[in-house]
Amino acid sequence: MKEIDQFLKENKPMVKDNPTFILETRRRLESVEGIKTEVDRQRRSGRLALIYALVFGLALGVFATALAFLYPVDPESLGAGLWESIRLFLHTWRQYLLFPVAILAVTLGIVLMSGSRQSA
Amino acid sequence: MTQERFISLVQPQQEPLRRFLLALCSGNAALADDIAQDTLVRAYVASGSFLGLSKFSTWLFRIAYNCYVDNCRKVRPEQVPVTEALTIKADETSDASFRYQQLYQALDKLPQKEKAAIALFYFEDRSIKEISAILDMPQGTVKYQLSMGRTHLKQYIQL
């Protein structure tokens, strides 16, 4: 076994000089940076779109809840049409309206908190 | 980790890393350099997860070994190109060329883990503990792999 030990110690593989190796590494790392920047940009814009959607949904939910509770409708006196249908729908389901609004508010809170934790 | 900091850490490891992969790739320098580049990109991407619990070089070599294993899974390793084994500097003797050719051909016949253990122990002068961390195996298994590797090499190399 000593001969093998000796042989291996005396014959370490020789690496040919490659002056472009680190340059190539730098080039690849630049590409990685570019990809990371693009992914971050897309993630940020996706998060922003989500926040806008949640805020819009929350505002709409608050408006609908306010409408249902502050301006109760008489189902008998309502005519046909889209607006009337919407008011009738809100009137029928008004006791459940706060539920989706609360979910939206909680989701928005979570998204905002997770975002601030990531940026910290 | 910034790119400059990463490069400064990698620069001194470049040659040992390429030599380790050259041994694993049985003398195929182009393939070894390709895997080395992949290793560095992977290491850079994962550099945030390097907690400093081990030496940077140990962590880098571990990634290199995993890259090599992944590469072996993707494509069947090429046979040792004799011309590659002979690409010794002009001032080297033909005797040295023959020894390298013998070495690479013998390494090519070894199983991955034996080859890696031999390369790290003899060519990179790593301790059993470091090899154990790089190859993710117990120290006893590293010793066994080294012993088996030596036994196999003795059969393949004419001394």
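Trainee: Is chain A a compact globule or more spread out?
Mentor: For 120 residues the globule rule gives 14 Å, and the radius of gyration of chain A, 32 Å, is well over that. Along its principal axes the C-alpha trace spans about 105 × 35 × 30 Å. Because of that radius, chain A is, compared with a compact globule, more spread out.

Trainee: What share of the residues of chain A count as buried?
Mentor: A residue needs 20 or more other C-beta atoms within 10 Å of its own to be buried. Of the 120 residues of chain A, the share that passes is 5%.

Trainee: What pattern do the elements of chain B follow from the N terminus on?
Mentor: Chain B has nine helices and zero strands. From the N terminus on, its elements run α-α-α-α-α-α-α-α-α.

Trainee: What percentage of the residues in chain B are buried?
Mentor: Chain B has 159 residues. Among its contacts with a separation of 6 or more, 66% are between residues 24 or more positions apart. Buried residues make up 37%.

Trainee: Where in chain B is confidence lowest?
Mentor: Chain B averages a pLDDT of 85, and 86% of the residues score at least 70. Confidence is highest in helix 8 (residues 128-135), at a mean of 94, while the lowest mean, 48, belongs to helix 5 (residues 82-85). Over residues 82-90 of chain B the pLDDT is below 50, and beyond near neighbours in sequence this stretch has 16 contacts in the model. Where pLDDT is low, the predicted coordinates should not be read in detail, and in chain B confidence is lowest in helix 5.

Trainee: What ipTM does the predictor give the complex?
Mentor: Two scores are given for the complex. The pTM is 0.73, and the ipTM is 0.74.

Trainee: Which helix of chain B gives the most to the side that touches chain A?
Mentor: The contact takes 30 residues from chain B and 22 residues from chain A. Helices 1, 2, 3, 6, 7 and 9 of chain B each supply at least two residues of the side of chain B that touches chain A. By class, that side has 18 nonpolar, five polar and seven charged residues. The element that gives the most, with seven residues, is helix 3.

Trainee: Which residues does A64(B) contact, leaving aside its neighbours within four places in sequence?
Mentor: A64(B) is among the buried residues of helix 4 of chain B, together with W59(B), L60(B), F61(B), Y65(B), C67(B) and Y68(B). The buried residues of helix 4 pack against helix 2, helix 3, helix 7 and helix 8 of chain B. Leaving those near neighbours aside, A64(B) is in contact with L17(B), F20(B), L21(B), I35(B), A36(B) and T39(B).

Trainee: What span is expected for helix 4 of chain B?
Mentor: Helix 4 has 19 residues, and the expectation uses 1.5 Å a residue. From its first C-alpha to its last, helix 4 of chain B reaches 27 Å, close to the expected 27 Å.

Trainee: Why is helix 8 of chain B said to be largely enclosed by the rest of the structure?
Mentor: The buried residues of helix 8 are E130(B), I131(B), S132(B), A133(B), I134(B) and L135(B). They pack against helix 4, helix 7 and helix 9 of chain B. Helix 8 of chain B is largely enclosed because its buried residues number six of eight.

Trainee: What does D34(B) count as, with 15 C-beta neighbours inside 10 Å?
Mentor: D34(B) is in helix 3 of chain B. A residue is buried at 20 or more such neighbours and exposed at 12 or fewer. With 15, D34(B) therefore counts as partly exposed.

Trainee: What separates the C-alpha atoms of D34(B) and I134(B)?
Mentor: Along the chain, D34(B) and I134(B) are 100 residues apart. Their C-alpha atoms are separated by 20 Å.

Key:
Residues are numbered from 1 along each chain as its sequence is written. Chains are lettered from A and ligands numbered from 1 in the order in which they are written. This is a predicted model: local features need pLDDT of at least 70, side-chain atom pairs count only at pLDDT 80 or more; totals for chains, interfaces and linings use all residues. pLDDT is the predictor's confidence in each residue, from 0 to 100. Helices (H or I, at least four residues) and strands (E, at least two) are DSSP runs, numbered from the N terminus. Two residues are in contact if their C-beta atoms, placed from the backbone, lie within 7 Å. Ala, Val, Leu, Ile, Met, Phe, Trp, Tyr, Cys and Pro count as nonpolar, Asp, Glu, Lys and Arg as charged, and the others, Gly among them, as polar. The radius of gyration is taken over C-alpha atoms; the globule rule is 2.2 Å times the number of residues to the power 0.38. The expected span of a helix is 1.5 Å times one less than its number of residues.
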